[in-house]
Amino acid sequence: MKPAQFQYHAPTTIAETLDLLARYAQDDGRVLAGGQSLVPTMAFRLARPKHLVDINGVSELNRVRVENGRLCIGAGVRHSAFEKPVEDGPLGGLLASVVRHIAHRPIRVRGTFCGSIAHADPASEWCAVAAALDAEMVAESKISGTRVIPAREFFEGIMTTALHEGELLREVRLPILPKGTHAGFAEYSRRAGDYAIAMAVATYRLKNGMMSDMHIAVGGAEAAPRRLPEAERTLIGRPPNFGIFQAAGHAARQAVDPIDDPSIGADYRRGIVRAMVIRALESAAS
Amino acid sequence: MNEQSGGTKWIGMPVERLEDPPLVTGRGRFAGDINFPRQLHMRTDAARALPGVVAVWTAADITDVPPIDFREGPIEKLAPYRQPVLAIDRLRYVGEPVAAVFAHDPYVAEDAADLVTMEVEELPVLLDARDEPGEFSFGRDTEATILTQGYGDVEAVFKSAAHVVELKLTSGRHSGVPLECRGAIGRYDASRDVLELHGAAKVPHRNKELIARMLKRAPASVQCYESHVGGGFGIRGEIYPEDILVCVAAIRFERPVKWIEDRREHLIAANHSRNQHHHIKAACTDEGEILAIDDVIHHDNGAYVRTHATRVAMMTCGVLPGPYRVPGAYRAICHFRLTNKTPAATYRAPGRFETTFVRERLVDAIAHQLRLDPIHVRRLNAVRVDEMPFKRPLEALGEEIHFDSGDYHALLDITLNHVDWQNLNKELAARREQGEMVGVGLAMFVEKAGLGPADGVRIQVDTSGEIEVITGGASIGQGFETVMAQVAAECIGADMTKMRVTHGNTERIEHGIGAHASRATVMTASATRVAALKVREKALDIAAELMQSPVDTLDIVNGEVVIADRPGGPSMTLGAIAAALGPSSKARGDREPGLSAEGWFYTDHQVYPYGNHLAVVQVDPDTGGVKVLRYVVGYDIGRAINPTLVKGQIAGGFAQGLGGALMEEFTYNERGDPLAVTFADYLMPTVRETPDLEIILREDYPSPLNPLGIKGAGESGVNAVGAAIASAIDDAIGIPGAITVLPVTPQRLKAIIDGKR
């Protein structure tokens with residue numbers, strides 16, 4: 001459990017970071033933020049980056065701000081920053097309820113929101129939130145400048161994203177949810193803090209007692225998190241109640257094509273997807 | 001039962017641990033903290049020359065080193081199945097050491113180990129001990145031996161029995177996972193021709209003998225040194241290939257050689273345990289009396305037979321009947337088989353966690369099949385207090401089983417009353433009516449502890465009055481020093497905080513039993529008592545002369561000899577008495593020099609503490625997840641030297657049992673690759689999954705086999721967890737006998753629940 005040799009770089013500005021990435025990305029250079037996934041992977045020598053570009057000293061990346069109706073989360077912002085609501089509306093509340101499920105406290109004070117998005121573990125809570133809310137990922141590199149990538153195009157597979165070599169995921173933007181938006185989250189893991197077997201995020205608004213602006217995303221179950229229009233459709237224009245939530249859960253169960261691994265079978269995971277969609281909706285409704 | 005008259009009472013008091021100050025102030029010294037000048041670092045791997053690499057060894061480089069031998073001595077029949085220190089010709093499990101790299105720096109050693117390449121032809125693997133045995137080596141198959149224990153005419157009893165109840169059950173593969181991984185530092189002192197092994201644990205004296213035997217050295221030229229040990233649980237401290245490698249390398253290079261295990265290695269290299277398949281039958285009367293048991297066991301021992309030989313399997317055969325009488329006949333046939341998995345051996349409550357699960361499942365099944373109350377069936381079959389001592393023609397650790405004392409029925413009542421059994425069942429039934437899946441389960445068990453035949457302790461008092469208790473025991477974190485200090489202090493009449501307890505150092509004392517099989521308190525504390533009483537007698541004898549007062553007027557209070565009925569009268573400290581007994585002291589007369597004594601304790605039989613576990617669980621029908629709502633352990637320990645430490649032992653064992661019941665499992669894919677190699681895959685319960693534990697600690701039946709009445713604490717918390725939780729889950733989901741496999745993972749349980757619907 002000792003990493004292979006690597007060269008360590010510690011820039012202090014975004015410009016310097018992009019310079020270093022431009023220089024070393026093709027030579028197996030990687031961004032080091034919280035290091036909560038990367039460093040253990042290096043200890044097992046499953047990852048052997050030759051260069052690490054540590055962005056912890058780039059203070060301009062450490063900000064959360066609201067701009068043009070969006071919550072902009074910089075690449076240095078830790079998970080624990082969301083434990084108290086970062087904004088007064090439903091979004092701040094949702095993020096605060098989700099963050100409790102991310103690993104354990106020592107990991108939450110070190111790991112970063114954008115690091116989780118860039119790492120794109122299928123069971124990442126933030127990735128599921130990003131998919132559910134149609135987040136925008138702001139990528140930047142010296143060569144191609146700044147790109148804004150929508151969530152549905154960003155997550156491509158297990159730990160695979162649309163980021164190019166040499167690009168820094170500078171920030172992630174989440175839409176501020178209007179007042180009155182109902183938002184809920186549920187996940188199932190065998191122990192508190194473990195990678196979830198499946199999770200669901202649900203948000204909706206009520207118009208004359210009927211659900212609208214319906215967003216349901218599932219994480220952990222498939223190679224990448226995504227919204228499930230099949231489940232969303234069953235709910236639009238209906239009043240929220242347990243019966244219709246069950247129908248949505250059933251639709252979600254049918255719609256997913258779960259990961260089948262030796263320890264968790266696809267069929268079992270499908271059942272968990274159903275249960276988590278129902279629980280996320282119940283939590284949103286309560 | 002105070003051991004002396006006027007002094008402070010220490011035995012039975014929940015005093016704080018003596019060993020904690022260094023541990024909680026960062027002054028502990030674990031294997032990783034031990035360093036010597038010029039040391040080399042070893043990695044084992046499955047190298048080419050890199051700068052800094054001193055040597056790379058394969059089996060061809062150590063042909064003079066025999067396979068790892070059995071701890072209790074040679075066993076001809078099993079010898080071919082021993083593990084070579086480095087693999088020869090055939091690799092039998094993933095994790096088997098193939099090459100060893102020695103380098104100046106641990107990073108370089110790891111880089112070099114990375115470069116080791118192997119040409120390996122992949123062979124079919126054998127992963128299930130129930131499958132037909134395959135070839136182990138020419139002329140030998142993977143069924144290393146068949147073990148049996150039993151009595152009576154099994155066929156005859158079954159033939160005439162009113163009912164036969166039959167079950168197939170499996171206990172999964174899990175193990176003790178200490179916080180501190182293994183570590184070994186070999187050092188050879190050429191000036192004295194002494195080989196030293198630092199980082200020894202559990203059984204340093206046995207390991208000294210074993211290393212000497214394997215390396216053909218005189219035992220006096222091998223010394224083992226225990227440092228702080230971050231958990232043992234039976235798996236840590238056995239001799240493994242790495243321990244031998246650092247010793248051999250230290251002699252060859254004449255340089256210290258250090259090896260520290262990482263967690264991934266630990267999970268694939270250190271002993272696994274528990275993996276057994278039972279096909280068990282009981283012959284019963286209409287009333288539910290168990291007349292006979294017939295069990296066929298397939299014991300999965302992994303790839304080799306390690307230091308314990310067949311100990312777990314043999315124990316399994318002997319202890320299975322537990323607290324029940326089984327008067328007619330009994331037979332256990334154990335197919336001791338090797339598979340292509342990590343070798344297996346003892347883990348806390350070896351053979352008992354497994355058999356309590358099997359036996360208590362069987363009792364539940366009998367009750368269900370005969371439509372009887374499971375508590376009633378347990379009462380009917382349990383050995384009664386008037387049958388004690390109860391002898392059974394079966395053996396555990398080579399001794400015939402003699403339950404020394406106890407009232408199993410009374411303790412059962414105590415536990416049932418504690419939870420208000422009738423009302424608890426009513427409440428749970430009412431909750432089930434409302435759609436909740438909640439249930440309760442109970443399991444009874446008998447533990448065993450205090451394996452003899454002998455242990456010795458030396459106590460010496462220096463001229464400052466500090467008392468050193470020198471033992472051949474070992475401390476694996478259980479509070480060994482505190483317990484020995486309590487016993488010595490009370491028996492002498494001293495202050496226990498002024499004690500120094502020495503353990504795990506073969507240079508300080510000739511013999512030692514270490515810390516295993518819940519022996520330390522029974523054996524070593526009993527020997528400590530003998531030595532302490534001798535020191536007291538010696539001190540009083542010379543004090544009577546020096547203080548000019550007859551012995552029977554004297555007492556020792558807090559390390560001072562006083563005249564009992566004259567408070568404020570003359571006194572002498574133990575330090576002054578030690579000085580008076582010095583070799584050149586005139587006051588000594590013709591007494592033997594030194595205020596010191598050696599004490600031995602002998603016993604012919606182990607002691608058998610007993611208890612019961614009760615679990616209340618809730619099952620989530622959507623996920624198959626199990627939450628333990630309440631857990632009760634009732635346990636009669638005979639005599640608790642330190643109740644706080646006993647409860648700590650029970651609580652820690654319970655958490656490990658909970659892991660084995662619900663989470664922990666070493667799994668393999670179809671090619672034999674281990675799938676649980678990190679803490680992300682090998683799930684141990686954390687504080688969030690572990691409920692508060694209710695412990696009913698009783699001292700109703702002190703053991704008649706030792707003067708303090710001690711029965712042993714180490715393995716009672718883990719013993720019946722699988723059994724109690726399985727029974728509670730059955731109750732919660734309303735399917736009697738549903739649980740046949742441990743651990744009960746959510747996925748397995750969900751399939752069971754869905755199958756019902």
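As the model is predicted, local features need pLDDT of at least 70 and side-chain atom pairs count only at pLDDT 80 or more, whereas totals for chains, interfaces and linings use all residues.

**Stop 1: where the chains meet**

Show both chains and pick out the contact between them: 22 residues come from chain B and 18 residues from chain A. Here, contact means C-beta atoms, placed from the backbone, within 7 Å. On the chain B side, the elements giving two or more residues are helix H2 (106–115), helix H6 (263–269) and helix H18 (746–756). Helices (H or I, at least four residues) and strands (E, at least two) are DSSP runs, numbered from the N terminus. H2(B) gives the most to this side, with five residues. Colour the chain B side by class and you will find seven nonpolar, five polar and ten charged residues. In this scheme Ala, Val, Leu, Ile, Met, Phe, Trp, Tyr, Cys and Pro are nonpolar, Asp, Glu, Lys and Arg are charged, and the others, Gly among them, are polar.

Stay with H2(B) and select B:Val108, B:Ala109, B:Glu110, B:Asp111, B:Ala112 and B:Ala113, which are buried. Burial counts other C-beta atoms within 10 Å of a residue's own, again placed from the backbone: 20 or more is buried, 12 or fewer exposed, and in between partly exposed. The cover over these residues includes strands E1 (40–45), E2 (53–57) and E3 (99–103) of chain B.

**Stop 2: the cores**

Next, select B:Met42, B:Val101, B:Ala488, B:Ile725 and B:Ile729, the residues with the most contacts inside the largest nonpolar core, which has 214 residues. Such a core is a set of buried Ala, Val, Leu, Ile, Met, Phe, Trp, Tyr and Cys residues joined through C-beta atoms within 7 Å. Helix H13 (residues 520–546) of chain B gives the most to this core, with 13 residues. Another core, of 92 residues, lies apart from it and includes A:Leu21, A:Met42, A:Leu71 and A:Ala252.

Zoom in on B:Ala488: beyond its neighbours within four places in sequence, its contacts are B:Ile459, B:Ile467, B:Val469, B:Met499, B:Thr528 and B:Ala532.

**Stop 3: the domains of chain A**

Colour chain A as domain 1 (7–54), domain 2 (60–175) and domain 3 (182–285); these bounds come from an automatic or database domain assignment. The C-alpha centres of domains 2 and 3 of chain A lie 21 Å apart. Their contact takes 23 residues from domain 2 and 21 residues from domain 3. On the domain 2 side, helix H3 (90–99), helix H6 (125–132) and strand E8 (155–157) of chain A give two or more residues, and H6(A) gives the most, with six residues. That side has 15 nonpolar, six polar and two charged residues.

**Stop 4: a tyrosine in chain B**

Finish at B:Tyr151 in strand E6 (residues 143–151) of chain B. Is B:Tyr151 buried or partly exposed? It is partly exposed, because 15 other C-beta atoms lie within 10 Å. Leaving out residues up to four places away in sequence, B:Tyr151 touches B:Ala329, B:Tyr330 and B:Pro393. Draw a distance from B:Tyr151 to B:Val229, 78 residues apart along the chain, and their C-alpha atoms are separated by 42 Å.

How values were computed
Residues are numbered from 1 along each chain as its sequence is written. Chains are lettered from A and ligands numbered from 1 in the order in which they are written. Two residues are in contact if their C-beta atoms, placed from the backbone, lie within 7 Å.
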